[in-house]
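Reader: I would like to go through this model with you and ask, for each label, what it rests on. Please set the values against the criteria as we go.

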Amino acid sequence: MKYQALIRKFEHRDLNELAQLFDAYRQFYEQAPDLALAEHYLATRVEKRESVILVAENSAGGLSGFCQLYPTFCSVLAQPIYVLYDLFVSPEARGNGVAKHLLNAARELGISDGKARLDLTTAKTNSTAQSLYASLGWVRDEEFYTYNLTLD
């Protein structure tokens with residue numbers, strides 16, 4: 001049976017459980033476990049209204065996944081956009097459509113918030129995610145490269 005999604009915006013009562021998912025997400029990207037850092041980071045983003053977090057609530061009332069959107073702008077379009085930077089589904093909930101529900105909810109939120117576009121970046125090796133994105137209408141950029149500069 002497929003996951004019956006209840007996708008909703010983050011509420012303060014979710015912080016502890018969301019921090020555990022966020023910590024697991026960071027570990028997926030080879031960061032050391034640090035639950036206190038995860039909780040502080042999320043609390044700060046929400047408190048300062050620097051991100052919007054959607055959570056996937058399972059039938060038992062627990063969280064199965066989340067996505068975090070950062071509001072910013074596209075100066076070429078001269079319009080606001082969201083960057084979907086974080087998307088994570090707990091291992092036990094994977095394969096049940098949770099990520100698809102989160103992505104669809106992010107799309108709807110972007111529309112309702114007047115955003116012109118959603119952007120995301122994924123690892124070149126993450127073919128499972130790439131297939132999902134393409135199936136939902138996301139288009140891979142073939143024109144631009146992404147560069148990073150680490151600041152000390």
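Reader: Which residues line the second largest pocket?

Author: Bearing in mind that this is a predicted model, the second largest pocket is lined by Lys9, Phe10, Val46, Arg49, Ser51, Val52, Ile53 and Pro71, and the space in this pocket comes to about 170 Å³.

Reader: How many residues of each class does the lining of the second largest pocket have?

Author: The lining has five nonpolar, one polar and two charged residues; Lys and Arg count as charged, so Lys9 and Arg49 are the charged members of the lining.

Reader: Why is tyrosine 133 called buried, and why is tryptophan 138 called partly exposed?

Author: Tyrosine 133 has a relative accessible area of 11%, which is under the 20% limit, so the residue is called buried. Tryptophan 138 has a relative accessible area of 21%, which lies between the limits of 20% and 50%, so the label is partly exposed. Tyrosine 133 and tryptophan 138 also form a tilted aromatic pair, with 6.1 Å centre to centre and 50° between the planes.

Reader: How do you know that arginine 45 lies over the face of tyrosine 41?

Author: Arginine 45 is placed at 4.7 Å from the ring centre of tyrosine 41, and the criterion asks for a distance within 6 Å together with a position within 35 degrees of the ring normal. Lysine 115 likewise lies over the face of tyrosine 82, at 4.8 Å from the ring centre.

Reader: What makes up the largest nonpolar core?

Author: The largest nonpolar core has 19 residues, and among those with the most contacts inside it are Leu54, Cys67 and Leu102. Strand 2 (52-57), strand 3, strand 4 (79-89), helix 3 (98-112) and helix 4 (127-135) each supply at least two residues of this core, and helix 3 gives the largest share, six residues.

Technical notes: Residues are numbered from 1 along each chain as its sequence is written. This is a predicted model: local features need pLDDT of at least 70, side-chain atom pairs count only at pLDDT 80 or more; totals for chains, interfaces and linings use all residues. Side-chain values use heavy atoms; hydrogens and water are left out. Rings of Phe, Tyr and Trp (its six-membered ring) pair if their centres lie within 6.5 Å; planes under 30 degrees apart count as stacked, over 60 as edge-to-face and the rest as tilted. Buried means under 20% relative accessible area, exposed over 50%, partly exposed in between (1.4 Å probe, protein chains only). On a 1 Å grid over the protein atoms alone, a cavity is a set of points where a 1.4 Å probe fits but cannot get out, and a pocket is an open set with protein on both sides within 12 Å along at least five of seven lines; lining residues have an atom within 4 Å of a point. Grid points are joined across faces, edges and corners, and a volume is the space filled by probe spheres set on the points. A nonpolar core is a set of buried Ala, Val, Leu, Ile, Met, Phe, Trp, Tyr and Cys residues joined through side-chain atoms within 4.5 Å. Helices (H or I, at least four residues) and strands (E, at least two) are DSSP runs, numbered from the N terminus.
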